[in-house]
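Subject: Structure handover

Hello,

Here is the structure for you to look through. My notes on what turned up follow below.

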Amino acid sequence: MSKLRILYVASEINPFLKTSDVADFVRKLPQAMQERGMEIRILVPRFGLINERKNRLHEVVRLSGINIAVGDDEKPLIIKVASIPTAKLQVYFIDNEDYFQRKYVFHDKENRFYDDNDERAIFFCKGVLETVKKLGWAPDIVHCNDWMTSLIPLYLKTTYKNDPMFKDTKSVFTVYNNSFEHRFAGDIIEKARMMDINDEMLSELKTADFQGFIRIGCAYADAVVRAEEESSDSLNAILNDLPEHKFDSVEDEDVTDRYYNLYTQLAG
């Protein structure tokens, strides 16, 4: 059997950036899977807090230079790469001057949520899939972590479903308690749209809030996992509506074993 190819997508990863449990999870699980013989790629945003010199990030010119549409705008995609010093893992960083050069992550220095965090998420999700195409590396599983990655399962099931790079790809969406109260502008549907996607397919996103992002990720992912045993009432309401075969809650089983079994089961 050939090695399973797992693509991890998240908003952060240790040691480059840590604002929540996502960073530790995405640091440990890929290494554990690599040690079990799987082939790994990791993609995260290059938020401005990440010190490029200290972390030895450098641009991958052959992957950069694509323009990504967000609504009527097109933004240039820059790809950078660095290695995790204590592991044989490379991390690819999605960058764009307008979206990721700020010295903060999702809130400004007054702790105000950025109005364009929806655009940043959309740019990131679209940019991830275009980067994988340029890499020429067909993943068996795309493991999406937290709300910022939630549009990827939708894009895999629509725009990219007939692309040779993704035709057999399955997606896992892990949900975390990293909610926010902000409601985005009403044009979020227009911004998120891609080829072969109509407004009905994006209907879960109409609330333009955290729950909308989580609902759309859950609707299109092949498997949904709750990262923590305790979830907020609003998250529980979403997860409780999922069909049993699609949802995996935290159990006593070792997390590494659980995901290993899930990946191999999904990949068939």
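Arg 56 is exposed, at 69% relative accessible area. Here exposed means over 50% relative accessible area, buried under 20%, and partly exposed in between (1.4 Å probe, protein chains only). Arg 56 has a positive phi of about 60°, although it is not a glycine. It sits in the loop between α2 (52-55) and β3 (58-59). Helices (H or I, at least four residues) and strands (E, at least two) are DSSP runs, numbered from the N terminus.

This is a predicted model, where local features need pLDDT of at least 70, side-chain atom pairs count only at pLDDT 80 or more, and totals for chains, interfaces and linings use all residues. Residues are numbered from 1 along each chain as its sequence is written, and side-chain values use heavy atoms, leaving out hydrogens and water.

Back to the backbone. Asn 111 also has a positive phi, about 65°, and is not a glycine. Its place is the loop between α3 (97-100) and α4 (117-135). Asn 111 is exposed, at 57% relative accessible area. Then there is a cis peptide bond, from Asn 14 to Pro 15, with omega near 5°. Pro 15 lies in the loop between β1 (5-9) and α1 (21-35). Most residues other than glycine have a negative phi, and most peptide bonds are trans.

Next, helix α8 (residues 233-240). Leu 235, Ile 238 and Leu 239 are buried there. Seen down the axis, the buried residues of α8 fall within an arc of 95°, so they line one face of the helix. That arc is taken from the directions from the helix axis to the C-beta atoms. Asp 233 and Asn 240, on the other side of α8, are exposed. The buried residues pack against β8 (170-175), α7 (210-220), β9 (223-226) and β10 (247-248); contact means heavy atoms within 4.5 Å.

Now the charges. The structure holds 22 salt bridges. A salt bridge is a side-chain nitrogen of Lys or Arg within 4 Å of a carboxyl oxygen of Asp or Glu. One joins Glu 119 and Lys 191 at 3.1 Å, N to O. This pair links distant parts of the chain, with Glu 119 in helix α4 and Lys 191 in helix α6 (residues 188-192), 72 residues apart. Glu 119 counts as buried at 18% relative accessibility. Lys 191 is buried too, at 9%.

Best wishes
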